[in-house]
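Please examine the sequence and the three-dimensional structure shown here.

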Amino acid sequence: MISQPIAHRKLRAAITGAAFLAIFLRVVFPTLFERIDSVSVALLLAAVVPWLAPIVSKISIPGLIETELRELKQEFQETKDEAASASKIAIRSQDIALLSGSDAAHTENRKTATPERITELGKSYTETRRVMPSGPARTATMDQLFSEMLQEVGRLGKNWTEHSSALRSADPGQQLGAIAYVFKFPDTSKIGELIDVVENTTQPFVQYWGLRAIQRAVDEGAEYSISDLERLRRVGAIFGSGTDRYLLANSIVRTLDQKRRS
């Protein structure tokens, strides 16, 4: 059996020999190479790369191979992110219940809804976050409060004119209530206002639902600017890779990029 170093030396010698042969043919038969362009070279490299793998870790032709490899790497990462995102969203079964409105039973007896009730739920959220330790139990309780917010704003309809000021509030509970309102009625606020909330708050739960509201607005065809898109890129980079917020932000960016190209 031929050892690896000897096999590598033979491969290097074969490559050198082939290169000298190509030089000789180019000098003796110059017209032979006239039809070989950069694409032909790229295809030739693609054919020999598997054989060069043991001794070459990177091949780059500026503007051609390098660009293609970068795009392939980006596509692979996007596919990986999308799979992880789908997995995380599937795990949050409460999310599906909120979107479908199947948690409406607990508000059936409430005849009217008021902004004050949304404020009360915001205070309950703040208190829950203060007294309960971080973990699945606290997340489930906060999910339930957000579900109630969604039900309340649904009953309120498009009559909460102060929701924009609530979005700009320094109180995370008020912000969350306003996010629930915009989530229910995506056309009542601009995407930039929601990005402001996600950028400025330090609470992951508010960030998550802020991003979900942005995602819903994008799905509904909300207008956005290039500045909004670039801000979302920066926001995504802030969150840890693999977190639900990172995956959501990058999923939204990919959707907006696709909209721009179409």
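Arg 117 and Glu 148 are joined by a salt bridge, with their closest N and O atoms 3.1 Å apart. The term salt bridge stands for a side-chain nitrogen of Lys or Arg within 4 Å of a carboxyl oxygen of Asp or Glu. This pair links distant parts of the chain, since Arg 117 belongs to helix 5 (residues 115–131) and Glu 148 to helix 6 (residues 136–156), 31 residues apart. Helices here are DSSP runs (H or I, at least four residues), as strands are (E, at least two), and they are numbered from the N terminus. The model is a predicted one, in which local features need pLDDT of at least 70 and side-chain atom pairs count only at pLDDT 80 or more, while totals for chains, interfaces and linings use all residues. Residues are numbered from 1 along each chain as its sequence is written, and side-chain values use heavy atoms, with hydrogens and water left out.

Are the two partners buried or exposed? Arg 117 counts as buried because its relative accessibility is 19%, and Glu 148 counts as buried because its relative accessibility is 17%. The cut-offs are as follows: buried means under 20% relative accessible area, exposed means over 50%, and partly exposed lies in between (1.4 Å probe, protein chains only).

A search of the whole structure finds 9 salt bridges. Side chains of opposite charge can pair when their charged atoms come close. One of these bridges is formed by the side chains of Asp 196 and Arg 231, at 2.4 Å from N to O. Here too distant parts of the chain are linked, with Asp 196 in helix 9 and Arg 231 in helix 11, 35 residues apart. Asp 196 is partly exposed, with a relative accessible area of 33%, whereas Arg 231 is buried, with a value of 12%. Another salt bridge holds Arg 233 and Asp 257, whose closest N and O atoms are 2.8 Å apart. Arg 233 lies in helix 11 and Asp 257 in helix 12, 24 residues apart, and this pair also links distant parts of the chain. Arg 233 is partly exposed at 33% relative accessibility, while Asp 257 is buried at 15%.

Helix 11 deserves a separate description. It runs over residues 226–238, has 13 residues and reaches 19 Å from its first C-alpha to its last, close to the 18 Å expected at 1.5 Å a residue. The expected span is 1.5 Å times one less than the number of residues. Which residues of helix 11 are buried? They are Asp 228, Leu 229, Arg 231, Leu 232, Val 235 and Gly 236. These residues lie on the same side of helix 11 because they cover an arc of only 160° around the axis, where the arc is that of the directions from the helix axis to the C-beta atoms. An α-helix has 3.6 residues a turn, so residues three or four places apart point the same way. On the other side of helix 11, Ala 237 and Ile 238 are exposed. The buried residues of helix 11 pack against helix 9 (191–200), helix 10 (204–219) and helix 12 (244–261), where contact means heavy atoms within 4.5 Å.

The loops beside these helices can be followed next. Thr 201 has its place in the loop between helix 9 and helix 10, and it counts as buried at 8% relative accessibility. Leaving aside neighbours within four places in sequence, Thr 201 is in contact with Gln 175, Val 206 and Gln 207. Thr 243 is found in the loop between helix 11 and helix 12 and is partly exposed, at 23% relative accessibility. Thr 243 and Tyr 208 are 35 residues apart in sequence and 10.0 Å apart in space, C-alpha to C-alpha.

Finally, the chain may be viewed as a whole. It contains 12 helices and 0 strands. Of its 262 residues, 35% count as buried. Among contacts between residues at least 6 apart in sequence, 71% join residues at least 24 apart.
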